[in-house]
Amino acid sequence: MSKYSIGVDFGTLSGRAVLVNTATGEELADSTYNYPHAVMDESLPDGTKLGVDWALQHPQDYLDVFSHTIPDILAKSKVEPSDVIGVGIDFTACTVLPVKSDGTPLCFLPEFSKNPNAYVKLWKHHAAQDKANHLNQTASERGETWLPRYGGKISSEWAIPKLWQILDESPEIYTAMDAFVEAADWVVWQLTGKQTRNSCTAGYKAMWSKSEGYPSKEFYKSLDPRLENVVEEKFSGPVTPLGEKAGELTETAAKLTGLNPGTAVAVGNVDAHVTVPAVKIDSAGKMLAIMGTSTCHMLISDKEVKVPGICGVVEDGILPGFFGYEAGQSCVGDHFAWFIDNCLPKSYYDEAEKQGMNIHKFLRSKAEKYKVGESGLLALDWWNGNRSVLVDVDLTGVILGMTLQTKPEEIYRALIEATAFGTRKIIETFRENGVPVEEFYASGGISQKDPMTMQIYADVIGLPIHIAGSTQGPALGSAIFGAVAAGKEKGGYDSVMDAAKAMGKLRDEIYTPIPENVEAYNKLYAEYSILHDYFGRGTNDVMKRLKQIKKSASQK
């Protein structure tokens, strides 16, 4: 009788579950649940106002994902719970929350429900940039040997800056919390009743390494004396490798999900990292871009190299036996959605409706008619800051070359090209530092739905692009890890590699670079690189000055 595993992918705005046949990789059913609280970037549910660059979430939404999506896929597939052998989850990261020793989020407690620092800080919460700046300066001055593993800079998106912000702004929250945990680990805790810390988020987001552990007490004390014992006080517990079993479903979790108690649950993972086996990547030199609201670039290598401006290199951080590299762009799908939501005239919507097309497809149909460089426009892709390779959330967007004749579709195409240039900058940085990038793979909604964008990317980076065979790449990857947590004896697998071979999938379709477009984009990319360094490497810090003026004005 067939056996199945379930992967649950927690994204920025929704959670998705997929039910997968462990022998064939066939996806029998999927289900999506939109978070009722979405992203809280202006106020809490009670109306409490948030500051600039805040991005919070409500943990109840995550529990509701389990209670809605898993019963739904069981009902759709008519699969018996007894035939589901494992569950894996992945999450955006670094998405973190303060909890009590039993896992209760502090925002669930009445005394803290009005305090923004008691809530989940989403990956794109950037209000701790001042803490990241201080941390990076201190680590650099002290010559901390772990800093080069993260490209020389720790992002404000990561765990310590976010925790330090809580300590500074709400010391009562810091004191009351017994642990500061990744949401990936928190949801696994809710399923198994056991707290675990996965090696992926610990390595990439909390500065832990397999060989050295966390940074020293002396380093944390040099940041703030109150942080001297932060690891013991807020990050206690062992770090568990990817591919391990975190535990089994409790009776409470079984009632929540409709699954059987005792079902194996995999250690938590990150949405980008978990997608690598879902596209059958099993060797060095192959980069995967997970393209959604943002993009994460995953790469495995046989060696560890300190690459400036990347998000991190972690041993066994993506696949066992390899050094896993992470880079990324903070604004991709968000970039395009912002433009469509704010910058199109009503006539475009009317014409799209007349032609029976959604507005995205209509705009692409106009933009794809242009030759490379025909618009005369060039943009920088920093509308939500820069994650790689500048690691600076205070950078903002630019569009250059507009005239009174510029049309919306030209701007739209220039924004798409900007994100492709940003990916090329990441690829070239790896190559310049001795880490080969020989093949390119793409997953995520954009790769599945937007042929124009994928062809632009192929032309800009000069590499063929292989497309994931699943529309639910992270969820499929999580299902792969769920099958490994169950083990071969129960119908799963004893290694991630074996599971990936059977359950991973790719489309037959490949986007191939068009030589004349490659040549034209080389010229545009040269101009992009000049702007990139001019605004991003300190020659002109006008973006930061404008942001400071904005903050000052908002406080009056």
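User: Which residue forms a salt bridge with arginine 149?
Analyst: That partner is glutamate 212, and the closest N and O atoms of the pair are 3.5 Å apart; a salt bridge here is a side-chain nitrogen of Lys or Arg within 4 Å of a carboxyl oxygen of Asp or Glu. Before we go on, this is a predicted model in which local features need pLDDT of at least 70 and side-chain atom pairs count only at pLDDT 80 or more, while totals for chains, interfaces and linings use all residues. Residues are numbered from 1 along each chain as its sequence is written, and side-chain values use heavy atoms, with hydrogens and water left out.

User: Where do arginine 149 and glutamate 212 lie?
Analyst: Arginine 149 is in the loop between helix 2 (129-142) and helix 3 (159-169), and glutamate 212 is in the loop between helix 6 (199-205) and helix 7 (217-223), so the pair ties together parts that are 63 residues apart in sequence. Helices (H or I, at least four residues) and strands (E, at least two) are DSSP runs, numbered from the N terminus.

User: Is arginine 149 buried or exposed?
Analyst: Arginine 149 is buried, with a relative accessible area of 6%, whereas glutamate 212 is partly exposed at 47%. Buried means under 20% relative accessible area, exposed over 50% and partly exposed in between, using a 1.4 Å probe and protein chains only.

User: How many salt bridges are there in the whole structure?
Analyst: The search finds 27 salt bridges. One of them joins aspartate 392 and lysine 544, at 2.6 Å from N to O. Aspartate 392 is in the loop between strand 18 and strand 19 (398-400) and lysine 544 is in helix 20 (residues 542-554), so this pair ties together parts that are 152 residues apart in sequence. There is also a network of salt bridges linking Asp130, Lys131, Asp168, Asp224 and Arg226.

User: Switching topic, how many disulfides does the search find?
Analyst: It finds 0 disulfides, a disulfide being a pair of cysteine sulfur atoms within 2.5 Å. For cysteine 311, the closest cysteine sulfur is that of cysteine 296, at 7.0 Å, which is too far for a bond.

User: And helix 11, which of its residues are buried?
Analyst: In helix 11 (residues 333-342), the buried residues are Gly333, His335, Phe336, Phe339 and Ile340. They are on the same side of helix 11 because they cover an arc of only 165° around the axis, the arc being that of the directions from the helix axis to the C-beta atoms. On the other side of helix 11, Asp341 and Asn342 are exposed.

User: What do the buried residues of helix 11 pack against?
Analyst: They pack against helix 12 (346-354), helix 13 (359-367), strand 18 (378-380), helix 14 (408-432) and helix 15 (445-449).

Terms used
Contact = heavy atoms within 4.5 Å.
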